[in-house]
Every structure is written in structure tokens, then in C-alpha cells.
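Open the model in a viewer and keep the sequence panel beside it. The stops below say what to select and what is found there.

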Amino acid sequence: MKTIGIFYGSTTGTTEEVAGRIAEALGAGSENVFDVSQAEPSKVGDYDVLLFGSSTWGDGELQDDMHDFLDGVAALDLKGKRAAVFGCGDETMSDTFCNAVGLMYGVLKKAGAEMIGAFNADGYDFSHSDSEVDGRIVGLVIDNVNHEDLTSGKISEWTDEIRRQIAD
């Protein structure tokens with residue numbers, strides 16, 4: 001069985017909550033969920049499947065702790081690891097909605113991870129997001145500010161897809 005590690009950066013607690021719900025849906029166990037402000041980047045080496053989550057702040061930036069954590073992850077060789085990304089944002093920030101998802105995707109892919117977990121942004125209305133790469137949304141995007149009613153269904157659908165993609 002593949003081991004799943006979930007690494008998140010959260011300022012207000014929303015991304016932390018989403019990370020916990022994802023862990024529960026995947027049966028990953030709370031001991032495999034890490035607040036990146038309290039974890040070392042080398043910890044990702046303990047897992048076969050890596051899930052990274054961050055909120056988007058300011059002008060479309062990563063959450064501060066995730067930014068620093070990813071600097072360390074960028075130096076690692078993630079070949080042989082599968083990785084997926086998720087993020088929280090606010091669609092009223094229409095030109096930077098969930099940019100953090102695309103930023104994490106780029107770092108993990110460059111470090112050699114096999115990227116999984118492309119999903120959809122159905123139900124959200126935004127003009128641009130760095131989470132869209134080559135015409136597709138590269139991970140799970142969540143807007144708990146304006147569309148909390150969509151969150152449970154999106155987490156359930158996405159984790160079902162992750163389970164399918166990591167099954168051998």
C-alpha cells in the first residue's frame with residue numbers, strides 16, 4: 001500500500017481543515033498530515049504519494065509557510081514520487097484565484113514528481129488562475145468563502161480520483 005503524506009500551509013485554518021478532510025477521505029491518518037511551519041522538507045521522503053495544499057494570498061502568492069517549505073522541497077529529487085496539489089482561494093480575486101495550486105505544481109514537477117490529481121473548477125467563476133496549466137486545472141481548488149456548499153462534494157470527488165490514480 002502506498003503511503004500518503006499531506007503537507008499544508010494555512011494562515012486562517014481553512015487549508016488546515018481541508019487537509020484534514022482530505023486525510024480522512026483517503027484514510028491517511030492524522031499522523032501523516034503536516035503543517036509545513038512545523039515540518040522539515042526532507043519529511044516528504046518518507047512518503048510515496050505527496051499532497052500539498054496552500055491558500056493563495058496577496059497578489060496570488062503562496063501562503064508564507066508553504067513558500068519557505070517549497071524552497072527546501074525544490075532542492076530534493078522527487079523522482080518516483082506521485083504528487084497532487086490542492087488550494088483554497090476566493091473567486092472574487094478573479095485574476096489570481098487559487099494561484100498557489102499552480103505554483104506548487106510547478107515546483108513539484110520540476111523536482112521530478114509525477115503529477116496526478118488534475119481536477120475541475122466547476123461552480124467557480126474567475127478570469128485567471130495559475131492553477132490552469134495547458135488548459136486544465138492541475139489540482140483541487142476550493143472556495144470556502146463563497147461556495148462552502150461545494151467543498152464536501154469536491155473533496156469527495158477529488159479523493160476518489162486520487163485513489164484511482166495511485167492504485168497499482
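Start by selecting Arg 164, which counts as exposed because its relative accessibility is 54%, above the 50% cut-off. This is a predicted model.

**Along the helix**

Stay on helix α4, which covers residues 148-166, and select Asp 160 and Arg 163. A salt bridge joins the side chains of Asp 160 and Arg 163, at 2.8 Å from N to O. Asp 160 and Arg 163 are three residues apart, about one turn of the helix. Are they buried, exposed or partly exposed? Asp 160 is partly exposed at 31% relative accessibility, and Arg 163 is partly exposed at 35%.

Next select Arg 82 and Glu 114. Their side chains form a salt bridge too, with an N to O distance of 3.4 Å. This pair links distant parts of the chain, since Arg 82 sits in strand β5 (residues 82-88) and Glu 114 in strand β6 (residues 114-115), 32 residues apart. Color the two residues by accessibility. Arg 82 has 17% relative accessibility, so it counts as buried, whereas Glu 114 is partly exposed with a relative accessible area of 43%. In total, the structure holds six salt bridges.

**A stop at Thr 56**

Move to strand β3 (residues 49-57) and select Thr 56, which lies in that strand. Its relative accessible area is 18%, so Thr 56 counts as buried. Which residues are in contact with Thr 56, apart from its neighbours within four places in sequence? They are Glu 61, Cys 88, Thr 96, Cys 98, Asn 99 and Ala 100. For a distance across the model, select Asn 146 as well: the C-alpha atoms of Thr 56 and Asn 146 are 15 Å apart, while the two residues are 90 residues apart in sequence.

**The whole chain**

Followed from the N terminus, the elements come in the order β-α-β-β-β-α-β-α-β-β-β-β-α. The radius of gyration is 14 Å, close to the 15 Å given by the globule rule for 168 residues, so the chain is as compact as a globular protein of that length. Along the principal axes, the C-alpha atoms fill a box of roughly 35 × 30 × 30 Å.

Of the contacts with a separation of 6 or more, 76% are between residues 24 or more positions apart. How much of the chain is buried? Buried residues account for 51% of the 168 residues.

Note on methods: Residues are numbered from 1 along each chain as its sequence is written. This is a predicted model: local features need pLDDT of at least 70, side-chain atom pairs count only at pLDDT 80 or more; totals for chains, interfaces and linings use all residues. Side-chain values use heavy atoms; hydrogens and water are left out. A salt bridge is a side-chain nitrogen of Lys or Arg within 4 Å of a carboxyl oxygen of Asp or Glu. Helices (H or I, at least four residues) and strands (E, at least two) are DSSP runs, numbered from the N terminus. Buried means under 20% relative accessible area, exposed over 50%, partly exposed in between (1.4 Å probe, protein chains only). The radius of gyration is taken over C-alpha atoms; the globule rule is 2.2 Å times the number of residues to the power 0.38. Contact means heavy atoms within 4.5 Å.
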